[in-house]
Amino acid sequence: MSQKILPFTKSQIEEIIRTYPTPFHLYDERAIRENARRLNQAFAWAPGFKEYFAVKATPNPYIVKMLKEEGFGADCSSLAELILSERVGITGEEIMFTSNDTPAKEYQKAKELGAIINLDDISHIEYLEQTCGLPELLCFRYNPGPLRSGNAIIGHPEEAKYGFTKDQLFEGYRVLKTKGVRRFGLHTMVASNELDVNYFIETAKMLFELAIEIHQQLNIRLEFVNLGGGIGIPYKPEQQPLNLKTLGQGVKQAYEEMIVAGGLAPLKIFLESGRMITGPYGYLIAKVLHLKDTYKKYVGLDACMADLMRPGMYGAYHHITVLGKEDQPASETYDVTGSLCENNDKFAIDRKLPAIVPGDLVVIHDSGAHGHAMGFNYNGKLRSAELLLKPDGTVQLIRRAETVEDYFATVDFSGV
């Protein structure tokens, strides 16, 4: 059976659950920091390079603060994410605010913080101006439509709700220029969980080409281009991670051939990766409660889809390790399930695993992004704790598990 390497042992997990009962998400601090440094090193050549961590991936202040210490900014899409970033000391142009269908109060908060506001629609120029006024720096999100392909997670660009068309992009910059805006940026996000490095190099070329056209036609020099996120991770053991060094060198070559040669340097390069930064270094730890043998064999966990939505939502693959049985043959075929009253509450379908018994501990890999963050309370399920595995081997509680009292906290029973 193909394996993934774990940063902890069964005995360590058994010790942890004496204090923190399963299920819980566990994040590996050392691995996250090392990964952040690899990304920064890959783009060390780029003037003004900044990775804006996609807060939505792992919206925990301990994680966001850790990445701030590694030089990252914050990519925010909501009022709560703006406040979270502010509370860990990320403000001003260290924040990129990219949202859609945006309420006025969110634009107001972003402008109050001095964040870079990235508009999703040409009509939002007027909306922003009327609600809180135009800042000196604005960015537009470009949707290339059928010029680029998408994937199952983000969809085809021409069917996505995000971004400006090319004609709208040029018109938007014209409008901003007449309204006195003097600093400009350009952003796109056209794929999610993509492992082909050439996809992102082509995205860079697309934005560099647009930067040249915008300068030629509108006499506007962009201050930065944000290549977006979407860098995938190897969810399956046989997959290989995207080579960040190759990505950095490929973008550098395009930058020199297009931006430097075109006289538009320096042009800052931004990214907004989330999944790639923390995803591989988070683990959902759960315990086997029940086995069921009917038309299929089922393993029932004390975790459920409320703890990790991706398999049920996308049919996404997450590798599963049965602690202590890593070297045993995968002799059984199971559906690995939770307890929600929904038949798609499954972490795996027809998965080959070692023979399992109640009480076994399982690790669901790669839950470090879009895992706990996508939790919910259907069926009255309570969101689990988040723990941080420190470099010295100790564990820090960075979000406690919800309680029944939390669940009912917003309900007034007095009138019932």
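Modeller: Let us start with a helix pair. H4 and H5 count as roughly parallel to each other, because their angle falls under the 35 degrees cut-off. Keep in mind that this is a predicted model.

Biologist: What are the angle and the axis distance for H4 and H5?

Modeller: Helix H4 covers residues 79-87, and helix H5 covers residues 104-113. They pack at an angle of about 20 degrees, and their axes are 9 Å apart. The crossing of H4 and H5 is left-handed.

Biologist: Which residues make the contact between H4 and H5?

Modeller: From H4 come Leu79, Leu82, Ile83 and Glu86. H5 brings Lys105, Glu106, Lys109, Ala110 and Leu113. By class, this contact has five nonpolar and four charged residues, with no polar ones.

Biologist: Now H8 and H9. At what angle do they pack?

Modeller: The angle is about 20 degrees, with the axes 9 Å apart. Helix H8 spans residues 197-218, and helix H9 spans residues 244-260. That angle is why H8 is roughly parallel to H9. Is their crossing left-handed or right-handed? H8 passes H9 in a right-handed crossing.

Biologist: Which residues of H8 and H9 meet?

Modeller: On the H8 side, look at Val197, Phe200, Ile201, Ala204, Lys205, Phe208, Glu209, Ala211 and Ile212. On the H9 side, look at Thr246, Leu247, Gly250, Val251, Ala254, Tyr255, Met258 and Ile259. The class count for this contact is 13 nonpolar, two polar and two charged residues.

Biologist: H8 also packs with H7. What is the angle there?

Modeller: Helix H7, residues 166-178, packs with H8 at an angle of about 50 degrees. Their axes are 11 Å apart. H7 is therefore oblique to H8. H7 passes H8 in a right-handed crossing.

Biologist: Which residues hold the H7 and H8 contact?

Modeller: In H7 they are Lys166, Leu169, Phe170, Tyr173, Arg174 and Lys177. They meet Leu210, Glu213, Ile214, Gln217 and Leu218 in H8. The contact of H7 with H8 has six nonpolar, one polar and four charged residues.

Biologist: Which helix gives the most to the lining of the largest pocket?

Modeller: That is helix H11, residues 310-314, with three residues. By class, the lining of the largest pocket has twelve nonpolar, twelve polar and eleven charged residues.

Biologist: How much space lies in the second largest pocket?

Modeller: About 390 Å³. Its lining has 21 residues, and the closest to its centre are Ile233, Pro234, Pro241, Pro280 and Tyr281. The lining of the second largest pocket divides into eleven nonpolar, six polar and four charged residues.

Biologist: Which residues are joined by a cis peptide bond?

Modeller: Thr22 and Pro23 are joined by one, with omega about 0 degrees. Pro23 is placed in the loop between helix H1 (10-16) and strand S1 (24-28). A cis peptide bond also joins Ala265 and Pro266, again with omega about 0 degrees. Find Pro266 in the loop between H9 and strand S9 (268-271).

Biologist: Which residues other than glycine have a positive phi?

Modeller: Asn193 has a positive phi near 55 degrees and is not a glycine. It lies in the loop between strand S7 (183-188) and H8. His370 is not a glycine either, and its phi is positive at about 55 degrees. You will find His370 in the loop between strand S15 (361-364) and strand S16 (385-389). His370 is also listed among the residues closest to the centre of the largest pocket.

Conventions:
Residues are numbered from 1 along each chain as its sequence is written. This is a predicted model: local features need pLDDT of at least 70, side-chain atom pairs count only at pLDDT 80 or more; totals for chains, interfaces and linings use all residues. Side-chain values use heavy atoms; hydrogens and water are left out. On a 1 Å grid over the protein atoms alone, a cavity is a set of points where a 1.4 Å probe fits but cannot get out, and a pocket is an open set with protein on both sides within 12 Å along at least five of seven lines; lining residues have an atom within 4 Å of a point. Helices (H or I, at least four residues) and strands (E, at least two) are DSSP runs, numbered from the N terminus. Ala, Val, Leu, Ile, Met, Phe, Trp, Tyr, Cys and Pro count as nonpolar, Asp, Glu, Lys and Arg as charged, and the others, Gly among them, as polar. Grid points are joined across faces, edges and corners, and a volume is the space filled by probe spheres set on the points. Axes are lines fitted to C-alpha atoms, for helices over the stretch in contact, and angles run from 0 to 180 degrees between N-to-C directions. Angles under 35 degrees count as roughly parallel, over 145 as roughly antiparallel, 65 to 115 as roughly perpendicular and the rest as oblique. A crossing is left-handed if the near helix is turned anticlockwise from the far one by less than a right angle, and right-handed if clockwise. Contact means heavy atoms within 4.5 Å.
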